[in-house]
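I set down here what I looked up in this model, entry by entry. The sequence and structure come first, and my notes follow.

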Amino acid sequence: MAVLQLRWRWLFFILFLQTTIEAFVLEGSPTSYAQFKRWYAGMTDSLSFDFKTTEPNGLLLYLDDGGIGDFFELKLVDGTIRFRFNLGGGAMLTHAGVNLHDDQWHRVELIRNVEDTLLKVDEETQSKVTKGTDYHFGNYSMNSFVYIGGIPSWYSAKLTQMSLPSVFFEHHFKGSIRNVVYASEDGPHRQQDMVEFKGIRSNELDACKHHDPCQHRGVCISTDSGAICDCGTGDYDGNFCDKEWTPAEATFRGAEYLSFNLQSLNAEPVLSSSDQISLFFKSRQPNGLLLYTGKGEDHLLLTLKDGGILLVIHLGSSSVEKALKPAKVRFDDNQWHKVLVHRKVREITRATGFCHFSITVDGVYTERGSTTGTFNLLSSSVLFVGGADHSVGHQGARQHSNFVGCIKKELEERLSIK
């Protein structure tokens, strides 16, 4: 009898191990995601899962209250987990962990304790005190599902139903997930099962390691049917990013501009510590605003000035300008020119940071700069291309006239949001 009981105990232990180590693999394509049931998020509650990846960036988890304002967002940024959330008193931000893209399993847990919200990554814990007096997370009947690894593509037509619309554009997570545990409508905490998914691999075999067919910097993605290529927003398309395509071209006559406004959606701004901006332009005019993004006094703008290129970055109480104007060369010659801007902020302490930036035109002319000071993220609620709405009075944009000429292939990437 004792031997039989011992065997049953070992069988239960083996079955327990099997349920806790079962994992699924997200391919990391722009359409991949895993959808789980709604989290019944009480004021004292938790949600946890394990992940493993070799990629430093990617959306891990998102859920919200259906566009009212509350949300939870977990994202990998440069190997660190960034946790951004809003429970009605304004968005809050914290992060934990380093070098989490080491192809090892790491455990993440979100813990709610009334006004205290905690992020636990392995053995490190960070906490934030929620502003306001209402600590409920939305309404269970209206809250979104729990999304892991990415947001479904059909949300592109429903951005107004998201509390954080910018999450739709985040890089999708590429790696393994297991042990997704929280309380749903089914009852107490338990390991949850997927209800919908796309881009889930049945094994961890990496086809891209055996053969990467992607050309022109296309990103190779391993699927069960083999390697596929994500050509992104570059100059090439096709199955292997081998076909050159001609980007759309817009003409500006000094009164027109393109814009995207998160404020009109009552949405939280995009927070960025690293950006890449790239566009082509041609003009006969020596001055004209090419691009502006920011919120309030914080902004980044790129403009033609006296036939050269001027970059202005204003964050908090500090402002930096860098001009690119080579001797005997002008960029208002009605020829196509490509301008590329990189900006990256590295946090030194929680209060200070080091910012490095560069401007390159036509891959030949480059100016670089750096500054050290208060660690600030660029907060962006509006984006203007080719000019701005001067009647609203966006800080910095009022000093520059609208652009006259042509712009094509405008691209702004948030590479590292912390």
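**Entry 1: Glu55.** I located Glu55 in the loop between β3 (44-52) and β4 (58-64); strands here are DSSP runs of E of at least two residues, helices are runs of H or I of at least four, and both are numbered from the N terminus. The model is predicted, so I noted that local features need pLDDT of at least 70 and side-chain atom pairs pLDDT 80 or more, whereas totals for chains, interfaces and linings use all residues. I also noted that residues are numbered from 1 along each chain as its sequence is written, and that side-chain values use heavy atoms, without hydrogens and water.

Leaving out residues up to four places away in sequence, Glu55 touches Leu76, His101 and Lys174, a contact being heavy atoms within 4.5 Å. I recorded a C-alpha to C-alpha distance of 7.9 Å between Glu55 and Phe173, which are 118 residues apart in sequence.

**Entry 2: Nonpolar cores.** I looked up the nonpolar cores, defined as sets of buried Ala, Val, Leu, Ile, Met, Phe, Trp, Tyr and Cys residues joined through side-chain atoms within 4.5 Å. The largest has 34 residues, and those with the most contacts inside it are Phe49, Phe51, Leu74, Ile81 and Ile177. A second, separate core has 27 residues, including Leu291, Leu300, Leu324 and Leu383. In soluble globular proteins, nonpolar side chains tend to be buried together. I then listed the contacts of Ile177 beyond four places in sequence; among them are Phe24, Phe49, Phe51, Trp105 and Ile148.

**Entry 3: Strands β23 to β28.** In β23 (residues 274-282), I counted 8 of 9 residues as buried. Strand β23 runs antiparallel to β28 (residues 337-347), with 8 bridges joining the two; two strands pair if DSSP finds at least two bridges between them. Phe281 has His337 of β28 as its bridge partner.

Strand β25 (residues 298-305) is largely enclosed by the rest of the structure, because 7 of its 8 residues are buried. I traced 7 antiparallel bridges between β25 and β24 (residues 288-295), where Lys295 stands opposite Asp298. Their hairpin has 2 residues between the strands, and Gly296 takes a positive phi near 65°. Strand β25 is also joined to β26 (residues 308-315) by 7 antiparallel bridges, with Leu301 partnered by Val312. This hairpin too has 2 residues between its strands, and Asp306 in the turn shows a positive phi of about 55°.

**Entry 4: An open sheet.** I read the strand order of a 7-strand open sheet as β7-β6-β5-β4-β11-β2-β14, with antiparallel pairing. Its edge strands, β7 (92-96) and β14 (194-198), each pair on one side only. Within the sheet, β2 (residues 33-36) and β11 (residues 146-148) share 3 bridges, and Gln35 is partnered with Tyr147.

**Entry 5: Confidence.** The chain averages a pLDDT of 83, and 87% of the residues score at least 70; pLDDT is the predictor's confidence in each residue, from 0 to 100. Where is confidence lowest? I found it lowest in helix α1 (residues 2-21), with a mean of 42, and highest in β11, at 97. Over residues 1-20 the pLDDT is below 50, and this stretch has 5 contacts beyond near neighbours in sequence. Residues 410-418 also stay under 50, yet the model has 47 contacts for them beyond four places in sequence.

Conventions: Buried < 20%, exposed > 50% of the residue type's maximum accessible area, 1.4 Å probe, protein only.
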